[in-house]
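Hi,

Here is the structure I promised to pass on, with my notes below it.

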Amino acid sequence: MLRFMSAGESHGECMVAIIEGLPAGLYIDENIINQDLFRRQQGYGRGGRMQIERDTVKILTGLKAKKTLGSPITLMIKNKDFKINELPAITQPRPGHADLSGAIKYGFSDMRCVLERASARETVVRVAAGAIAKIFLSEFGIKISSKVISVGGQTNSKKIKEKIDFARNKKDTLGGIFEVAVMNVPAGLGSYVHYDRRLDARLALALMSIPAIKAVEFGMGFEAANKLGSQVHDQISYSLKKGFFRLTNNAGGLEGGMSNAQTIIARCGMKPIATLGNPLKTIDFKTKKPVKASVQRSDISAVEAAGVIGESMSALVIADAFMERFGSDDLRRIKKAFKLK
Ligand code: EPS
């Protein structure tokens with residue numbers, strides 16, 4: 001089983017991930033991880049923090065001569081903006097953020113203690129872990145990409161920029177929709193035999209866990225609910241060259257909780273960032289008096305970056321399901337099993 005855990009606070013010393021379950025013999029090029037870390041920092045509408053950080057990974061364990069040993073891999077990314085102990089207390093919870101429920105849950109009166117871990121900064125190590133899963137998948141020709149579908153309801157890139165400028169001027173924020181595509185996935189990853197083995201359910205969990213994601217759909221998604229079966233299901237065909245293939249891909253590459261060898265297509269709906277420059281009404285946690293929510297440095301919109309995180313989370317799920325089917329100890333043996341597919 002491929003699993004990972006992360007640790008770290010947004011303004012702590014560093015962010016860390018431990019990944020376990022990768023086979024031995026996989027060559028890891030740190031530059032490939034750093035490319036994805038760079039991509040996560042991009043996109044029109046990002047905030048001041050991205051000007052400070054130049055995220056690069058340091059691999060602390062699990063490799064010898066850049067090859068995996070099958071042992072846990074530790075990834076570390078330093079926070080340049082390390083100042084957790086100098087930051088002032090926050091008592092005005094932001095609507096839409098983890099602030100209020102987190103303070104009630106853990107018994108804090110200072111919401112700084114919540115937001116340090118709830119921050120989307122944590123996704124930096126998910127992207128580093130996901131890049132390693134992508135390196136593994138690329139050995140088998142599996143490729144993952146993402147694109148922005150819309151921001152604030154706009155689909156054209158010029159209009160998206162204008163809408164982000166509008167939100168910035170209004171001291172407001174925007175969400176949007178991104179799409180993740182996983183190409184060249186063999187049929188039969190995941191399973192229909194039990195709820196927690198279904199690949200669509202596992203992908204939905206991974207994607208829904210990305211901060212600010214409120215909706216996930218595959219293929220035709222919600223639209224399929226309004227159509228006839230004959231307009232939805234992907235008819236099956238066969239050729240010697242391609243083997244079985246489909247005339248359409250409305251299922252988004254997923255049927256019966258398994259991959260069906262078509263491209264896996266997932267779309268995620270991201271709510272607007274919760275920190276507003278022109279803050280919403282809230283209640284001071286200590287005085288219980290009406291106040292305006294706290295204003296922290298933040299992004300106006302981060303849909304492009306969220307797409308990169310969506311790729312990473314999908315890569316981790318697909319790599320896990322791939323190893324269930326073809327083995328997970330030794331890369332050479334996995335390649336042999338894959339050839340027999
Ligand atoms: C982010 C780091 C954070 C925010 C943003 C994304 O850093 P800071 O709080 O120091 O500005 O810029 O996070 C949020 C918008 C949020 O609500 O958590 C990052 O590394 O992506």
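The lining of the largest cavity divides by class into six nonpolar, two polar and one charged residues (Ala, Val, Leu, Ile, Met, Phe, Trp, Tyr, Cys and Pro count as nonpolar, Asp, Glu, Lys and Arg as charged, and the others, Gly among them, as polar). This is a predicted model, where local features need pLDDT of at least 70, side-chain atom pairs count only at pLDDT 80 or more, and totals for chains, interfaces and linings use all residues. Residues are numbered from 1 along each chain as its sequence is written, and side-chain values use heavy atoms, with hydrogens and water left out.

Among the residues lining that cavity are Arg-94, Thr-275 and Ser-294. A cavity here is a set of points on a 1 Å grid over the protein atoms alone where a 1.4 Å probe fits but cannot get out, and lining residues have an atom within 4 Å of a point. The volume of the largest cavity is about 30 Å³, taken as the space filled by probe spheres set on the points, which are joined across faces, edges and corners.

Now to the ligand. Its shell holds three nonpolar, five polar and six charged residues. An oxygen atom of the ligand lies 2.6 Å from a side-chain N or O atom of Arg-297, and another such pair, with Arg-121, is at 3.2 Å (a polar contact is a pair of N or O atoms within 3.5 Å). For Ser-119, a polar side-chain atom is 3.3 Å from a ligand oxygen.

Best wishes

Methods
A polar contact is a pair of N or O atoms within 3.5 Å; within protein, one must be able to donate a hydrogen and the other to accept it, and residues adjacent in sequence count only if both atoms are side-chain atoms. On a 1 Å grid over the protein atoms alone, a cavity is a set of points where a 1.4 Å probe fits but cannot get out, and a pocket is an open set with protein on both sides within 12 Å along at least five of seven lines; lining residues have an atom within 4 Å of a point.
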